[in-house]
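The following note sets out points for a colleague who wishes to read this structure with care. It takes up the ligand, the domains and some features of the backbone in turn.

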Amino acid sequence: MSAVELLADLRRTFQAGTTRPAGWRRAQLEALRRLLTEREDELTGALEEDLGKSRTEGFLSEVAAVRAEIDYALKHLDRWMARERIAVPGGLRPARAWAQARPLGVVLIIGPWNYPLNLVLAPLVGALAAGNAAVLKPSELAASTSRVLARLVPQYLDRDAVAVVEGGVEVSTDLLAQPFDHVFYTGGERVGKIVMKAAAEHLTPVTLELGGKSPAVVVGGDLRAAARRIAYGKFMNAAQTCVAPDYVLTTPAAAPVLADALAAAVRDFYGSDPRTSGDYGRIINEHHFDRVVGLMDGGTVVSGGRHDRADRYIEPTVLREVDPTSALMQEEIFGPLLPILEVEDLDAAIRFIAARPHPLAAYLFSDRDEHLEAFTEQVQAGGLAHNVCTIQLAVPGLPFGGVGASGTGSYHGRQSFRTFSHIQPVFSKPTGVDTLRLAYPPFGPIKRKLLRKLL
Ligand code: NAD
């Protein structure tokens, strides 16, 4: 079926009102939940094939993460759908005013390869909760997950309202040429611009969930604990995580201690040869393997550094003596290299971050309240976290998205519902006595005086 026909079919469903009732939305969310529970093995198996992702990590960061979004949406849906009463100024009374969330229509969700299940289905939770029809376009680079989604989604969800379209650039381009009512894109900046341009042709609103270089600043507290939390947030999914700390900024005194502690944390998590650990992932493809290995010469490797192209394996690697002008520090690493850069203090770290495009996330490790306060007030990033990294995404009530170069719009929890809704205002006045007549022309001196008094 062509993209034009597919959109026409889904639009018919939407216009027939099928997706509007709360009952349909709940039934779809519950069906999606069943899909995740009943087919967990197939889903985590596909993630393992695509990214060498351990079944436990696949369960935690993809299956359970989407299920948590569904449960949160089911719990709050009635409140989200309820009309919000708005106060009416005295001069316009008697009247009522309210804001109500309406679905946008048929939305397009384009996913990336790094969390290929989560980043297609978590937006879908918002789209369904808000009562939309949707087309899902998973990443062709995570081919097994794309296939399993294309097979399972139609078995569980309403086929007249949700479709999965598989394919690469050509298919994406074709879909983007259609007048969808919203495009939700997760991926890199380069394609983000293509998506935004294509959407502009139809004045279609977009959400762009992009990436960037997210810093972790370490200026105090227990360095070993910080190292474990950073190693965890960085090296899960072989560091192919949009909010993973891209680099570390720390003081000259802390840098060597932190580097040792990071190496120790990697050993604790994955053993002395992470390649043999069932819990450590692989790079998605040779192209990205070559790219990440090529970044290594931007600094001195102080731990890790081993790699094997045939296995798409790159060891968790810590670097020091980093050249800030190297590609390692110019592009998003999106792989298991962690450069440590030295700065004098927190103020210097904040200046370093401010001199670069706004990151998707920024992390501060410190036990001093004044540090937390200064960082929170001064750093502009999609999201901030104190003394942890990456796991802030597991709080469904927190909106997730970028700012500036790291993205436009946000989702998760209620924000997902709002992203896929139009908040429609309604102003309703009864007929009968015309209380507005004071404002009608002609405006004589008495009316003018009265109006000035009243307003
Ligand atoms: P990708 O190559 O899988 O591309 C993403 C999607 O865009 C795919 O579905 C692909 O088919 C489509 N696409 C690719 N080229 C296209 C084109 N020319 N026209 C139209 N569509 C096209 O993924 P990627 O871009 O390599 O993803 C990695 C990036 O995504 C990183 O920058 C990462 O930080 C970012 N990311 C962001 C988030 C987030 O939630 N903010 C999450 C994950 C990844």
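1. The model is predicted. Within it, an oxygen atom of the ligand is 2.7 Å from an N or O atom in the side chain of Glu140. The side chain of Ser139 likewise has an N or O atom 2.7 Å from an oxygen atom of the ligand. A further polar side-chain atom, belonging to Ser172, lies 3.1 Å from a nitrogen atom of the ligand. On its own the ligand has 850 Å² of accessible area, and the protein covers 91% of this.

2. The ligand is surrounded by 27 residues. The closest are Gly111, Ser139, Glu140, Leu210 and Glu332.

3. Which elements supply at least two residues each to the shell around the ligand? They include helix H7 (169–176), strand E6 (182–186) and helix H8 (189–201). The contribution of H7, at 3 residues, is the one that gives the most to the shell.

4. The domain assignment divides the chain into domain 1, made up of 3–210 + 405–424, and domain 2, which covers 215–398. The contact between them takes 19 residues from domain 1 and 24 residues from domain 2. Their C-alpha centres lie 30 Å apart.

5. Why is the ligand said to lie between the domains? Domain 1 and domain 2 both give residues to the shell around the ligand, so the ligand lies between them.

6. The size of an interface is often given as the accessible area lost when the parts come together. For domain 1 and domain 2, the area buried between them is about 1800 Å². Carbon and sulfur atoms give 53% of that area.

7. Towards the end of this note, Lys447 deserves a separate entry; its place is in helix H16 (residues 445–454). The side chain of Lys447 reaches the backbone oxygen of Arg437 at 3.3 Å. These two residues are 10 residues apart along the chain, and their C-alpha atoms are separated by 10.0 Å. Leaving aside neighbours within four places in sequence, Lys447 is in contact with Arg437, Leu438, Tyr440, Pro441 and Pro442.

8. Two of the residues in contact with Lys447, Pro441 and Pro442, are joined to each other by a cis peptide bond, with omega at about 5 degrees. Pro442 lies in the loop between strand E18 (421–428) and H16.

9. A cis peptide bond also joins Arg93 and Pro94, where omega is about 0 degrees. The loop that holds Pro94 runs between strand E1 (84–86) and strand E2 (96–103).

10. Most residues other than glycine have a negative phi, and most peptide bonds are trans. Glu321, which is not a glycine, has a positive phi of about 50 degrees. Glu321 is found in the loop between strand E13 (317–320) and helix H12 (327–330).

Terms used:
Residues are numbered from 1 along each chain as its sequence is written. This is a predicted model: local features need pLDDT of at least 70, side-chain atom pairs count only at pLDDT 80 or more; totals for chains, interfaces and linings use all residues. Side-chain values use heavy atoms; hydrogens and water are left out. A residue is near a molecule or strand if one of its heavy atoms lies within 4 Å of it. A polar contact is a pair of N or O atoms within 3.5 Å; within protein, one must be able to donate a hydrogen and the other to accept it, and residues adjacent in sequence count only if both atoms are side-chain atoms. Accessible areas come from the Shrake-Rupley method with a 1.4 Å probe; for residues, only the protein chains shown count as cover. Helices (H or I, at least four residues) and strands (E, at least two) are DSSP runs, numbered from the N terminus. Domain bounds come from an automatic or database domain assignment. Contact means heavy atoms within 4.5 Å. Buried area is the accessible area (1.4 Å probe) that two parts lose on being put together, summed over both.
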